[in-house]
Protein chains: 2
Amino acid sequence: WDWVKSGHDAWSGWLCVFLVGVIAGAVAGMIDIGTSWMSDLRFGICPTAFWFNQEQCCWNTNETFYGPNNCSHFFLWPEVFGNSPEGAGGFIISYLFYILWSLLFASLAASLVMMFAPYACGSGIPEIKTILSGFIIRGYLGKWTLLIKSLGMMLAVSAGLSLGKEGPLVHVACCIGNILAYLFPKYGRNEAKKREILSAAAAVGVSVAFGAPIGGVLFSLEEASYYFPLKTLWRSFFAALVAAFVLRSINPFGNEHLVLFYVEYSKPWIFIELVPFILLGVIGAVWWCGGGCVGCGAWGIIGTLFIKFNIRWCRYRKTSLLGQYPRLEVVMVTVITAFIAYPNPYTRMNTSNLIYLLFSQCGVANSDMLCDYQRNATGANIPIEIAAAGPGVLQSVWLLALALVFKCVATVFTFGLKVPCGLFIPSLAMGAIIGRLVGIGMEQLAYHNQSWAVFAGECSSNENCITPGLYAMVGAAAVLGGVTRMTVSLVVIMFELTGGVRYIVPLMSAVMASKWIGDAFGREGIYDAHIILNGYPFLDSKDEFSHTTLAHDVMRPGKNESFYVITQDSMTLGDVEQLLRETDHNGFPVVVSRQSQYLVGFVARRDLNIAISQAKKNTEGVVGESLVLFTASVPSPWMGPPPLRLRKILDLAPITITDQTPMETAVDMFRKLGLRQTLVTHNGRLLGIITKKDVLRHIKFLESEDPESVLFN
Amino acid sequence: WDWVKSGHDAWSGWLCVFLVGVIAGAVAGMIDIGTSWMSDLRFGICPTAFWFNQEQCCWNTNETFYGPNNCSHFFLWPEVFGNSPEGAGGFIISYLFYILWSLLFASLAASLVMMFAPYACGSGIPEIKTILSGFIIRGYLGKWTLLIKSLGMMLAVSAGLSLGKEGPLVHVACCIGNILAYLFPKYGRNEAKKREILSAAAAVGVSVAFGAPIGGVLFSLEEASYYFPLKTLWRSFFAALVAAFVLRSINPFGNEHLVLFYVEYSKPWIFIELVPFILLGVIGAVWWCGGGCVGCGAWGIIGTLFIKFNIRWCRYRKTSLLGQYPRLEVVMVTVITAFIAYPNPYTRMNTSNLIYLLFSQCGVANSDMLCDYQRNATGANIPIEIAAAGPGVLQSVWLLALALVFKCVATVFTFGLKVPCGLFIPSLAMGAIIGRLVGIGMEQLAYHNQSWAVFAGECSSNENCITPGLYAMVGAAAVLGGVTRMTVSLVVIMFELTGGVRYIVPLMSAVMASKWIGDAFGREGIYDAHIILNGYPFLDSKDEFSHTTLAHDVMRPGKNESFYVITQDSMTLGDVEQLLRETDHNGFPVVVSRQSQYLVGFVARRDLNIAISQAKKNTEGVVGESLVLFTASVPSPWMGPPPLRLRKILDLAPITITDQTPMETAVDMFRKLGLRQTLVTHNGRLLGIITKKDVLRHIKFLESEDPESVLFN
């Protein structure tokens with residue numbers, strides 16, 4: 001039995017992350033299925049089985065069913081009302097239903113969030129980063145948040161808003177991890193251990209969001225987690241594997257290749273293409289260079305102007321009447337989004353489908369107008385020759401440009417609404433559009449200048465040497481990299497999304513360029529920016545602390561402040577109770593005597609309160625004059641009322657530093673050891689205390705920001 | 001100018017890793033080219049240009065040139081001497097030349113290593129792990145090691161020994177990193193900073209070894225590095241990118257796909273296949289379960305017997321006469337390897353080619369006897385039907401089984417020779433053979449039992465539903481996982497090697513199973529095992545320290561030992577010099593007075609020596625009776641000889657813990673803060689000191705091993 005017990009203890013972590021993986025995979029599968037059904041509901045209904053989405057409805061027919069081309073089993077709304085979907089009447093009915101369904105979904109999502117779980121709005125990743133760094137936000141990972149966020153995410157995505165469900169899925173997975181941790185006392189009762197489960201859950205979230213298990217693990221490592229030891233790495237890996245497997249068993253993408261945006265290009269990239277690839281990285285970085293709100297500046301000066309507008313909008317929302325009517329705002333944004341999105345086929349379609357379309361290569365089977373080149377239809381095995389763009393390509397370039405502008409504007413207004421909303425898919429879509437446009441430009445440049453030396457090697461044989469789809473892929477990675485400042489994890493996610501391992505150098509170059517340019521603008525990634533905006537107490541482990549201040553300058557008490565300590569054997573219960581009333585510190589150092597101030601240990605307020613109330617209940621004769629003793633032995637002979645012996649609640653091993661310790665070292669200790677406070681001594685005497693709060697305030701102060709803008713728990 | 005200088009300071013890290021990437025990429029390219037040329041030299045020569053290898057020699061012909069089928073430009077040795085390569089005479093000449101060249105290469109490699117750089121032998125990864133954990137091995141990363149390891153690696157691989165060049169490439173990259181770090185004072189002069197460069201260099205090594213930049217970064221993170229902050233992650237990513245780009249520009253693989261073992265399977269995997277996949281993981285793990293030497297037990301009980309034999313061989317080598325004649329041993333192993341390897345085509349060929357062959361799918365173009373199935377030759381576009389194995393498959397199964405046994409035995413005897421040798425490629429090859437055999441078995445099982453429920457879904461339509469090549473890939477990952485205990489990095493390396501992102505779930509399952517089974521056997525991965533075997537002072541960050549001892553139990557002085565401290569203002573120069581003579585400690589705590597023992601700071605022996613000798617030289621009147629003062633001010637009025645004022649060399653911020661601190665916390669601090677020692681106090685009084693040495697001894701003691709088996713610097 002002991003063997004079973006110790007086995008359970010050793011394996012409970014693995015079992016817990018296994019369960020997180022299974023449940024998160026199942027939840028994500030349900031969300032995918034629900035989203036797909038509701039999205040299609042805006043276009044029509046499957047009369048034979050209304051719970052089928054368009055694809056499932058058309059499953060057994062041999063007709064094509066993507067985009068507006070529809071199989072006869074699935075009734076578009078005009079068809080339901082007996083109109084032809086082609087005519088003007090049909091168009092109006094379609095348009096109307098599209099807007100009405102969007103409105104219904106969006107207002108339902110906003111109402112659910114407002115009524116049941118206000119924490120369910122937004123992407124949740126900044127908060128999860130903060131929680132993983134040690135801050136506790138009660139209820140943020142609770143069951144109501146889980147339920148409402150799952151529902152709200154389906155509704156918000158189905159409403160056609162410019163948002164994705166990837167960030168919220170990370171939040172949902174973390175909720176599942178948090179709830180399941182309580183089944184295992186080893187994890188549920190210990191916040192530090194619970195964070196190990198949450199780190200794995202964050203990996204699971206990305207794993208199910210993109211079907212990218214390795215990318216998920218690296219996301220958790222690079223972006224989400226604060227402390228990520230190898231044990232957590234392995235558990236995350238296992239959990240992500242399980243989740244990906246469960247999700248694929250449900251198979252919501254209905255994709256044989258098991259890769260979300262599977263791409264296959266017939267030509268490798270050529271050297272000169274690195275220039276536009278790196279350029280895409282630069283564009284991606286310029287994208288996000290405003291603080292606070294999402295910056296949508298695709299090109300240089302336009303970008304900076306745009307960012308100012310965004311920040312103003314975010315401030316306006318916070319301060320104006322609009323902030324008091326979040327539901328109205330959601331409804332307005334939805335109606336305007338749906339109204340503008342419908343006429344343009346590239347914004348009308350599902351964002352995932354748009355990304356897939358932009359990533360793909362023009363082949364024989366691809367009948368979209370993006371592939372309308374002036375060449376003869378060739379057989380499947382004959383290499384596609386490079387050709388001049390046809391009218392369809394020109395038209396789609398215009399439509400894509402409009403779609404890009406629309407997506408930029410819409411995303412700015414959407415991010416920050418009181419519905420669950422992620423930024424991954426919109427960022428990928430914007431990047432894919434930019435990339436595809438650049439790619440088409442390069443392709444035509446190569447076509448018209450086949451004799452240029454840089455193109456000569458590959459393009460001279462009249463084959464198609466430039467693949468615009470690859471540009472879309474690189475652009476998507478670049479913009480997402482600019483927004484989130486992820487590097488390794490982003491490249492791996494792109495692999496797993498597209499299967500394009502061969503394009504590792506272009507992807508890495510663009511992502512690296514994106515990160516550098518972004519960092520050169522001196523701004524944080526979007527999650528860190530939101531952490532600052534919300535004032536969470538997050539001690540960033542990426543920034544170097546390069547100031548020369550000493551612990552002595554930061555510790556409290558400062559000058560003219562009093563320092564509250566407890567002596568080990570000379571304070572009465574009354575003194576201690578008064579101290580507890582007068583201060584709100586989380587704990588008190590215990591010293592040998594008030595004169596010598598030699599440090600004995602540290603006692604937490606919480607433990608002190610419990611011990612005092614228990615002693616009053618259980619021990620007779622405890623009065624205000626009872627001595628509170630932290631020493632190992634009671635001096636004998638003992639006189640007076642019975643003493644309170646509290647050595648067992650005393651932490652005899654508090655972390656201490658000397659007053660001459662550089663703050664660089666101290667900050668390093670706070671980060672690496674996950675401290676909440678450290679005691680400052682000089683020649684063994686206690687001088688003061690530095691809490692995490694003091695460190696954060698100090699950093700804000702050194703950066704000339706308002707030290708009081710940090711929230712604390 | 002200041003701006004330039006600060007810019008240089010900020011960017012010198014990036015510049016340094018950039019240079020590491022460029023040079024390592026170039027070196028790896030040269031090594032690849034040289035190895036390929038020398039390997040082919042064993043078979044024949046290109047008379048038109050002797051510096052061409054077989055592939056380059058046949059470049060411009062349309063003939064096939066792989067394997068024994070040879071183009072007319074490349075002369076096999078019998079042809080050089082006017083014999084036909086087909087007859088008995090030709091066979092004997094080929095055989096002889098094969099053995100002679102191997103012998104020449106191997107003895108040259110062993111001589112170079114012995115004469116110029118003894119550190120160049122082995123894989124080098126255990127030592128690099130140790131160096132990255134803070135140990136210093138002088139000359140291990142020097143220019144001679146770099147040169148000799150590069151040359152020796154080419155020679156040893158060309159000699160056809162059962163070893164790879166991947167591990168040694170990591171060592172070579174780290175040498176480059178170490179040498180280049182001296183160009184940047186910020187990194188060259190600071191061991192901790194230099195380790196950041198070395199971490200990036202380790203990533204570069206794997207990046208160029210496999211053409212796997214992301215896998216390299218993760219290898220450095222998961223396996224090689226001790227401390228891997230995000231800044232190092234980004235630099236490693238950049239360096240690996242640069243190295244991969246340089247290597248691909250040189251393009252030694254001559255592979256259009258830019259992926260080493262590019263695979264493309266026409267069918268996805270089916271559910272039932274997870275069973276053999278996980279089984280492969282188990283086999284892979286059982287592989288490595290002996291300590292010290294490489295364990296080669298593929299199946300259960302045979303494995304354990306085998307391991308005992310291996311350990312005996314390693315011990316035998318260490319203790320017997322054989323250990324004194326390493327060159328003789330190399331020669332003997334080479335002759336025997338070449339003698340046995342030549343007759344079997346699967347061992348005669350290059351190990352990389354063997355892996356590629358085993359990974360690949362049987363298609364129309366593949367004429368190897370592995371693909372001799374009883375089916376009609378079909379066109380390229382018609383799906384291949386499942387078929388019974390022909391005589392060629394049966395023959396190749398036998399040959400592969402023999403090759404497996406040979407590789408096992410050969411690898412056991414090869415690993416440990418005094419030549420550069422890595423384990424990655426042999427492990428991959430063994431795993432690929434096991435996997436291919438299991439895959440062929442599964443395929444025939446499915447063919448003969450198409451009606452079984454588990455096969456019904458995919459195999460019933462007579463198409464080929466099982467791909468043995470995929471099994472080879474999974475098996476290779478599993479065995480390598482069992483040997484090294486890598487997880488995430490291994491899966492990513494396999495992706496980048498093969499492009500098989502679609503097979504993520506099988507790969508992850510096998511690797512996870514491999515790791516679990518391996519860990520259940522309670523043994524370390526091969527690198528950790530070698531660290532223990534060699535007694536390096538490596539504080540493993542993976543193991544949890546789960547004992548309940550306190551700092552008090554570990555600290556020195558123990559009972560009846562004397563403790564050497566310096567007082568801040570009462571010791572004379574003579575006392576201090578006597579202390580330095582009597583002890584060999586690296587430093588001494590400074591206390592207020594010998595009676596009170598309140599801690600003031602810590603002074604390093606090195607600094608003390610320098611300060612004393614400088615004072616003697618520069619200050620007049622310093623004699624043995626001069627007081628050594630660590631206080632801020634000199635007591636006045638001062639009488640007697642001029643005092644030595646040493647406060648400036650005193651570290652006023654030593655890390656301290658209390659005597660009641662659990663060793664779990666203390667070990668955690670040693671690991672995370674990279675400490676070399678910590679001082680132990682009680683109520684502000686200094687009680688003792690704990691050094692890293694004490695911690696390592698204590699861990700060995702608790703694990704009932706010999707505490708004195710650890711080396712120290």
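## Strands, helix pairs and an interface

In chain B, strand 7 (residues 627-629) and strand 8 run parallel and are joined by two bridges. Here strands are DSSP runs of E with at least two residues, and helices are DSSP runs of H or I with at least four residues, numbered from the N terminus. In strand 8 of chain B, R645(B) stands opposite L629(B).

This is a predicted model: local features need pLDDT of at least 70, side-chain atom pairs count only at pLDDT 80 or more, and totals for chains, interfaces and linings use all residues. Residues are numbered from 1 along each chain as its sequence is written, chains are lettered from A and ligands numbered from 1 in the order in which they are written, and side-chain values use heavy atoms, leaving out hydrogens and water.

Two strands pair if DSSP finds at least two bridges between them.

Next come two helix pairs. Two packed helices are described by the angle between their axes and the distance between the axes. Axes are lines fitted to C-alpha atoms, for helices over the stretch in contact, and angles run from 0 to 180 degrees between N-to-C directions.

| Helix pair | Axis distance | Angle |
|---|---|---|
| Helix 6 (residues 143-158) and helix 7 (residues 166-181), chain B | within 9 Å | roughly 155° |
| Helix 27 (residues 663-673) and helix 28 (residues 692-702), chain A | 11 Å | about 130° |

The angle makes helix 6 of chain B roughly antiparallel to helix 7 of chain B. Helix 27 of chain A and helix 28 of chain A are therefore oblique to each other. The cut-offs are under 35 degrees for roughly parallel, over 145 for roughly antiparallel, 65 to 115 for roughly perpendicular, and oblique for the rest.

In chain A, M663(A), V667(A) and F670(A) of helix 27 meet K692(A), V695(A) and H698(A) of helix 28. These contact residues divide into four nonpolar, one polar and one charged. Ala, Val, Leu, Ile, Met, Phe, Trp, Tyr, Cys and Pro count as nonpolar, Asp, Glu, Lys and Arg as charged, and the others, Gly among them, as polar.

Now the two chains together. In chain B, 67 residues are in contact (heavy atoms within 4.5 Å) with 67 residues of chain A. Chains B and A bury about 6,400 Å² between them, 75% of it on carbon and sulfur atoms. Buried area is the accessible area (1.4 Å probe) that two parts lose on being put together, summed over both. W234(B), F237(B) and R502(B) lose the most area in chain B to chain A, together 10% of what that side buries.
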